[in-house]
Amino acid sequence: MSVAVDAMGGDRGPDVLVKGAIDAVRDCGVEITLVGMENVLRESIQRQGGADLPISIYPASQVVDMEESPADSLRQKKDSSIRVAFELVRQGKAGAVVSAGNSGATLATAMVALGRINGVRPAIATLMPTLKKPVAMIDVGANVDCKPIHLLQFGIMGSVFSGELLGSSRPRVGLLSIGKEDTKGNQLVKKAYDLLADSDLNFIGNVEGGEVFKGDVDVIVCDGFVGNICLKLSEGLSKAILTMLKSEIGKSLMADTGNPLRSAFQRFYKIIDYAEYGGAPLLGINGIAIICHGLSGSKAVKNAIQLAYELAKIGLADKLENSLAKRQDLFKVAQ
């Protein structure tokens with residue numbers, strides 16, 4: 001099974017994506033199809049020593065810019081690297097897509113090319129580090145405006161994702177809010193609380209922002225506006241903390257204490273580094289798509305490819321469809 005990589009997307013150019021693909025093949029044994037401008041990609045593969053690896057190239061003549069309107073890209077760039085990558089999945093020539101390109105265009109193209117599962121609202125899930133094990137937060141950017149039923153769908157999809165990827169037998173689902181009481185939050189959160197409480201999910205109630213990183217919940221549900229702010233705030237805070245620690249401790253103390261302190265820093269950085277998680281899966285489409293940070297390096301790309309391969313291998317899309325299909329009556333009541 002091949003993973004189709006949008007090799008023209010992202011802010012750092014094709015070389016980084018090609019390097020990530022080469023590392024994924026060497027370290028994980030994944031078969032890769034790079035999608036983009038053939039001459040550029042072939043030269044990059046050869047220059048980086050990957051000519052003898054099972055990496056194929058599927059040509060695409062157009063590139064969607066990072067600032068381009070998703071609607072415009074769909075209308076005007078039918079041979080873009082991201083569109084062709086999703087077509088490969090639709091045609092059964094690839095099992096998943098990885099893209100570090102325009103996230104709005106990736107979302108829109110995924111829904112057009114692959115369609116939505118049972119008419120649900122697709123959402124982006126991401127893994128965030130905690131004091132115990134990673135927590136899945138959904139949605140982190142696909143849906144700025146949501147209805148209560150959408151948050152219920154996010155909870156169901158997040159529960160399946162957490163159960164399959166993190167091995168949670170009965171994932172604990174929490175709703176991000178400004179207080180633990182069921183009376184706290186805006187109208188969206190209050191109504192979503194009732195829907196989640198009436199479902200068969202292992203719903204533990206509201207989760208405050210300060211509890212996200214404790215690790216006492218497996219899935220955190222929120223709308224994409226709040227989730228994206230949480231994600232970017234967390235990324236920025238972790239980088240700031242690391243910078244402050246390095247500044248306060250200083251190079252002299254690092255030299256005096258030697259390897260123990262240096263090793264501790266390396267372990268801490270590995271925990272908070274988004275590259276360790278690769279990318280964020282788009283749940284709710286008829287297939288597997290991983291959306292990477294636009295500034296992703298080769299390490300993040302490699303891990304995103306590995307994640308895409310694992311999710312396709314376990315049939316996550318089918319399991320999401322089955323889980324959502326079982327709850328259609330619940331959706332009718334919610335509407």
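Where is Asp 139 found? Select Asp 139: this residue is found in the loop between β6 (135-138) and α6 (148-166). Helices (H or I, at least four residues) and strands (E, at least two) are DSSP runs, numbered from the N terminus.

Before continuing, please note how the model is to be read. This is a predicted model, in which local features need pLDDT of at least 70 and side-chain atom pairs count only at pLDDT 80 or more, while totals for chains, interfaces and linings use all residues. Residues are numbered from 1 along each chain as its sequence is written, and side-chain values use heavy atoms, with hydrogens and water left out.

**The whole protein**

The protein has twelve helices and eleven strands. Its radius of gyration is 20 Å, close to the 20 Å that the globule rule gives for 335 residues, so the protein is as compact as a globular protein of that length. The radius is taken over C-alpha atoms, and the globule rule is 2.2 Å times the number of residues to the power 0.38. Along the principal axes, the C-alpha atoms fill a box of roughly 60 × 60 × 35 Å.

Now show the surface. The accessible surface comes to about 15,200 Å², of which 51% belongs to carbon and sulfur atoms; such areas come from the Shrake-Rupley method with a 1.4 Å probe, and for residues only the protein chains shown count as cover. Buried residues make up 53% of the 335 residues. Here buried means under 20% relative accessible area, exposed means over 50%, and partly exposed lies in between (1.4 Å probe, protein chains only).

Contacts may be considered next, a contact being heavy atoms within 4.5 Å. Among contacts between residues at least 6 apart in sequence, 72% join residues at least 24 apart.

**The cis peptide bond and a positive phi**

Return to Asp 139 and select Ile 138 with it. The peptide bond from Ile 138 to Asp 139 is cis, with omega near 10°. Then move to Asn 118, in the loop between α5 (103-113) and β5 (123-128). Asn 118 has a positive phi of about 50° although it is not a glycine, and it is partly exposed, with a relative accessible area of 36%. As background, most residues other than glycine have a negative phi, and most peptide bonds are trans.

**The aromatic pair**

The rings of Tyr 193 and Phe 203 have their centres 5.1 Å apart and their planes at 80°, so the pair is edge-to-face. Rings of Phe, Tyr and Trp (its six-membered ring) pair if their centres lie within 6.5 Å; planes under 30 degrees apart count as stacked, over 60 as edge-to-face and the rest as tilted. Tyr 193 lies in helix α7 (residues 187-198) and Phe 203 in strand β8 (residues 202-207), ten residues apart. Tyr 193 is buried, with a relative accessible area of 16%, and Phe 203 is buried, also with 16%.

Select helix α3 (residues 70-76), which holds Asp 72. Asp 72 counts as partly exposed at 26% relative accessibility. The C-alpha atoms of Asp 72 and Ala 105, 33 residues apart along the chain, are separated by 9.0 Å. Arg 75 also has its place in helix α3. Is Arg 75 buried or exposed? At 54% relative accessibility, Arg 75 counts as exposed. Draw a distance from Arg 75 to Ala 312, 237 residues apart along the chain: their C-alpha atoms are separated by 29 Å.

Proceed to Arg 83 in helix α4 (residues 81-90). Arg 83 counts as buried, at 15% relative accessibility. Leaving aside neighbours within four places in sequence, Arg 83 is in contact with Leu 74, Lys 77, Lys 78, Thr 109 and Val 112. Arg 83 and Ala 110 are 27 residues apart in sequence and 8.1 Å apart in space, C-alpha to C-alpha.

**Helix α8**

End the tour at Leu 231, in helix α8 (residues 224-257). Leu 231 counts as buried, at 17% relative accessibility. Which residues does Leu 231 touch, not counting residues up to four places away in sequence? Leu 231 touches Thr 126 and Val 140. From C-alpha to C-alpha, Leu 231 and Val 140 are 6.8 Å apart in space, and they are 91 residues apart in sequence.
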